[in-house]
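Please look over the sequence and the structure before reading on.

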Amino acid sequence: MKLIVLVLAVGCMASLCSADTSAIGPKYGVKPPPPTKPLVKGGSDIDKCGCHEIVAKLKRVEANLLKLILNLRNKYGSVYSELLDMKKHVKSVSWYVGQTSETGHNINEQLVSSSLTLAEIMQSIRDLTINQQSLVTKTFLTESILDLEGRHGEQRPPAPEGDIIYTSCDDERITTTGTYLVQDAFGEPTKLVCVLDFQPGAYTVIQNRQDGSTDFYRGYSDYKAGFGEFDGGDYWLGLDRIYNLTSSGDYELFILMEDFEKNVSYAKYANFAIGAGSDFYPITKLDGFSGPAGDSLGARVGVLFSAFDIDVDNSESNCAVTNRGGFWYTDCGMCNLNGLYLKGLSGGTTGMFWETFRGANYSLKKSRMMVKRKPMETTTAPAETTTAAAETTTAAAETTVPPTTTTLAPETTVSAGK
């Protein structure tokens with residue numbers, strides 16, 4: 001707009017310069033200009049109007065306009081370049097978003113597929129367990145043969161030739177720790193280990209593990225009847241026999257353990273008993289703990305015995321499968337004395353462990369669960385109390401045996417849990 005006004009002004013000035021003022025001068029009191037020299041023909045229009053300064057200013061304006069246009073063009077190019085870069089970044093981000101969405105979709109599909117596969121595996125395990133329960137086992141055949149023999153004659157099978165049948169591990173004829181054929185509260189004489197190293201009284205070993213020669217990952221029927229090498233090797237006495245024992249009197253429980261560093265420790269419970277098989281052999285008594293190995297059995301009264309094929313533990317999972325054993329499980333933790341024989345650090349809870357002794361990830365070298373009948377408390381008439389006490393004191397003085405200390409291995413000593 002300024003440029004247009006400037007051009008119009010220049011045009012007016014040029015018209016005024018070329019106009020003839022001689023005719024109108026006298027009317028308005030304007031003197032005519034003095035005569036000038038005639039213009040030289042051939043001069044430029046600028047020379048004729050005398051507009052050199054105006055033209056110079058116009059040229060400067062034109063130069064400034066050109067500079068402004070060039071600057072605008074440069075800025076436009078820079079902005080356009082940035083817009084192109086932003087467009088590329090937007091495309092790149094869009095590609096990554098698309099890839100992430102596709103990856104998330106693939107992960108969801110894989111999770112769904114894994115869940116279906118896991119469900120199929122669990123179903124296969126249940127089918128295998130059902131099939132395993134239907135298979136004929138050695139225990140079932142043995143019981144069937146014994147039943148058939150019992151039908152032909154009610155006589156008990158004779159004891160092996162040369163073996164002496166003892167009434168129990170408390171039989172006076174048993175004087176040292178060893179394997180004996182005892183009758184006790186069992187339906188028939190049974191070979192087992194009697195321990196006399198912790199006087200007074202003798203312990204009956206209900207679980208013995210020392211070298212891993214017997215597999216303890218078994219079904220419920222095996223744990224019910226008992227299995228293993230009853231002549232001194234690894235064995236489980238059987239839930240039926242343990243029930244018969246603990247229901248015939250008051251018993252205490254003594255658990256002796258040894259690790260692979262030759263450290264021996266123990267846990268003792270003053271009262272122990274289990275219920276009948278119709279109730280899945282629950283622990284009915286367990287109290288009076290003492291011992292340096294720590295209390296890894298804890299509060300288990302009422303807990304049922306579980307195996308991999310009969311899951312009646314106090315956990316949402318099957319602890320017998322998780323821990324690869326059979327026991328009175330409470331949430332699969334603290335102890336697993338019937339677990340796998342893994343020889344030391346195992347990295348899991350499938351080994352033969354006692355958590356308060358060496359931890360849940362350490363599989364022990366030896367384990368021995370033993371029960372001992374507590375002496376029956378007798379009462380006498382008041383008149384006979386003094387005499388009975390005197391006789392008891394005399395008998396005790398004659399028969400007292402110095403207490404001894406035992407080890408699962410000759411070179412080991414009893415120690416507290418690590």
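Cys332 counts as buried because its relative accessibility is 12%, under the 20% cut-off. The model is a predicted one.

- Cys332 has a phi near 70°, which is a positive value in a residue other than glycine.
- The loop that holds Cys332 runs between helix 8 (319–323) and strand 10 (344–345).
- Tyr281 also is a residue other than glycine with a positive phi, here near 50°.
- Tyr281 sits in the loop between strand 8 (263–274) and strand 9 (283–290).
- With a relative accessibility of 1%, Tyr281 counts as buried.

**Cis peptide bond**

- The peptide bond between Gln199 and Pro200 is cis, with omega at about 0°.
- Pro200 belongs to the loop that links strand 3 (190–195) and strand 4 (203–209).

**Buried face of helix 7**

- Helix 7 spans residues 239–246, and its buried residues are Leu239, Arg241, Ile242, Leu245 and Thr246.
- Viewed down the axis of helix 7, these buried residues fall within an arc of 160°, so they line one face of the helix.
- In general, an α-helix has 3.6 residues a turn, so residues three or four places apart point the same way.

Notes:
Residues are numbered from 1 along each chain as its sequence is written. This is a predicted model: local features need pLDDT of at least 70, side-chain atom pairs count only at pLDDT 80 or more; totals for chains, interfaces and linings use all residues. Side-chain values use heavy atoms; hydrogens and water are left out. Helices (H or I, at least four residues) and strands (E, at least two) are DSSP runs, numbered from the N terminus. Buried means under 20% relative accessible area, exposed over 50%, partly exposed in between (1.4 Å probe, protein chains only). The arc is that of the directions from the helix axis to the C-beta atoms.
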